[in-house]
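Please keep the sequence and the model in view while reading.

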Amino acid sequence: MSIVWLKNPLALFDGLNELNSAGVVIQDNKIIEVLSPNQTPSTPVDQTFDASEYVILPGLINTHHHFYQTLTRAYPAALNKELFPWLQTLYPVWAGLEPEMLTVATELALTELMLSGCTTAADHHYLFPQGLEYAIDTQVEAAKKVGTRVTLTRGSMSLGKDQGGLPPQSTVQTEQVILDDSERLIRDYHEPHEGAKIQIALAPCSPFSVTTDLMKASAQLAQTYNVHLHTHLAETLDEEAFCLKRFGLRTVDYLESVGWLHNKTWLAHGIHFNDEEIQRLGQAGVGICHCPNSNMMLASGICRTLELEQAGSPVGLGVDGSASNDHSNLISEVRQALYLQRLRYGSARMTHLDAYRFATNGSAKVLGRNDIGQIAVGYQADLALFKLDELRFSGHHDPLAALLLCGAQRAHRVMIAGQWTVVDGNPVHIDLQELMQRHQAAARRLAQKACAYA
């Protein structure tokens with residue numbers, strides 16, 4: 001049993017507050033002490049790590065992503081478009097996705113996230129064209145290779161163009177196939193216990209790409225196995241208009257009609273809710289993932305994060321798909337959340353500590369986890385350590401504020417379950433050049449396939 005003391009950090013945020021601390025003591029995979037100033041560990045330590053040049057954060061938690069979209073960053077035909085036309089442009093490209101493409105996209109997205117201080121990531125994968133029926137299995141193996149914690153959501157699309165939806169028919173599956181595979185994945189991979197590295201959630205893609213019957217059946221299956229539900233909702237006004245036209249309901253009314261209005265549901269984006277809907281979401285404890293970069297890129301709007309929190313909804317952060325961001329950098333996303341939310345609430349109501357809270361404690365609550373997202377006794381030893389030794393930070397006076405305001409991009413060290421996975425700004429077990437070469441080749445092949453079928 002190894003005991004490590006991260007001694008005397010330059011600054012420390014515990015997931016809720018900034019602490020003046022003599023450091024963090026870790027035994028194996030857990031935090032066993034958070035020391036007060038001038039306090040020393042209560043038990044002998046095996047190793048002391050000098051943290052005096054580091055800002056320490058809980059490992060950041062990304063609650064919404066589409067890993068496969070790293071293959072279509074800055075795709076020319078999709079530039080300068082809003083959500084529906086953007087999707088209609090890219091769906092035919094994504095229909096050409098192959099297993100090895102998804103493998104390398106998942107590896108790259110998770111590595112990129114980890115280098116930004118992210119230790120847990122949720123991915124929403126909903127594309128299962130022919131040959132990619134075992135997409136989530138592929139992602140499980142890729143996540144194990146990188147070493148991050150993941151919540152892999154078994155997404156789905158069952159409402160194709162022929163049924164009045166947006167996606168091409170080649171990307172949709174029947175409801176029975178979706179439900180059977182969802183149940184198999186939960187049984188094979190979901191870890192319900194504390195310290196879980198892999199969890200499964202069920203995630204019909206959106207109201208405009210799945211049927212009402214699938215939404216209801218997914219809710220019932222999730223309840224049977226006690227797993228979470230996830231979907232996109234209220235991202236754009238087009239989506240609201242679609243729900244009104246197809247279902248005769250606004251988005252939250254639709255959510256309630258299919259049995260999703262409860263505290264094991266979290267929603268991506270959640271922008272276009274009125275006051276009454278925010279109160280209903282909060283009373284039900286529905287989680288919201290705020291995706292600031294994506295919402296700005298697609299001109300979707302600004303999530304009402306503080307009202308949602310005050311109503312009772314946990315609020316976390318997500319980078320969203322790399323094709324609508326176009327990166328997988330969570331510390332950068334925290335900065336963007338701070339600035340975008342200041343446009344809505346002003347500087348006094350939205351502080352850098354609020355933004356950090358979204359990405360740590362808030363995101364953990366969104367995923368239904370009470371073992372990550374905080375630096376506290378009994379929590380998993382998932383930590384992100386940043387140095388302020390670049391030109392951008394020179395002249396700073398508040399280390400924790402400077403990390404965001406001066407635009408941090410990369411963690412210097414990352415720890416997951418008590419093990420260093422990033423040292424000196426580089427992943428411990430991953431060859432970045434080899435990974436990028438494989439990834440770029442896969443991106444070119446996907447684009448070439450799209451051109452051939454156009």
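Ile 136, Asp 137 and Val 140 of helix H3 meet Arg 184, Leu 185 and Tyr 189 of helix H4, contact meaning heavy atoms within 4.5 Å. By class, this contact of H3 with H4 has four nonpolar, no polar and two charged residues; Ala, Val, Leu, Ile, Met, Phe, Trp, Tyr, Cys and Pro count as nonpolar, Asp, Glu, Lys and Arg as charged, and the others, Gly among them, as polar. The model is a predicted one, in which local features need pLDDT of at least 70 and side-chain atom pairs count only at pLDDT 80 or more, whereas totals for chains, interfaces and linings use all residues. Residues are numbered from 1 along each chain as its sequence is written, and side-chain values use heavy atoms, with hydrogens and water left out.

Helices (H or I, at least four residues) and strands (E, at least two) are DSSP runs numbered from the N terminus. H3 covers residues 135-146 and H4 residues 175-189; the two pack at an angle of about 25°, with their axes 10 Å apart. This makes H3 roughly parallel to H4, since angles under 35 degrees count as roughly parallel, over 145 as roughly antiparallel, 65 to 115 as roughly perpendicular and the rest as oblique. Axes here are lines fitted to C-alpha atoms, for helices over the stretch in contact, and angles run from 0 to 180 degrees between N-to-C directions.

H3 also packs against H2, at an angle of about 40° and with the axes 9 Å apart. H2 and H3 are therefore oblique to each other. Residues on the H2 side of the contact include Leu 102, Thr 106, Leu 110 and Met 114, and those on the H3 side include Ala 135, Gln 139, Ala 142 and Val 146. By class, the contact of H2 with H3 has eight nonpolar, five polar and two charged residues.

The open spaces come next. On a 1 Å grid over the protein atoms alone, a pocket is an open set of points with protein on both sides within 12 Å along at least five of seven lines, a cavity is a set where a 1.4 Å probe fits but cannot get out, and lining residues have an atom within 4 Å of a point. Grid points are joined across faces, edges and corners, and a volume is the space filled by probe spheres set on the points.

The largest pocket has a volume of about 360 Å³. Its lining comprises 16 residues, of which Arg 73, Leu 108, Glu 112, Leu 115 and Met 436 are the closest to its centre. Helix H2 (99-115) and helix H14 (432-453) each give two or more residues to this lining, and H14 gives the most, with six. The second largest pocket, of about 300 Å³, is lined by 20 residues, with His 190, Pro 192, Gln 199, His 228 and Gly 368 nearest its centre. Strand E11 (residues 198-204) gives the most to that lining, with three residues.

Two cavities of 30 Å³ or more are counted. The largest has a volume of about 130 Å³, and among its 18 lining residues His 66, Leu 83, Trp 86, Leu 87 and His 232 are the closest to its centre. Helix H1 (residues 83-94) gives the most to this lining, with four residues. The second largest cavity holds about 30 Å³ of space; Trp 86 is one of its lining residues, as are Tyr 75, Leu 90 and Met 297. By class, its lining has eight nonpolar, one polar and no charged residues.
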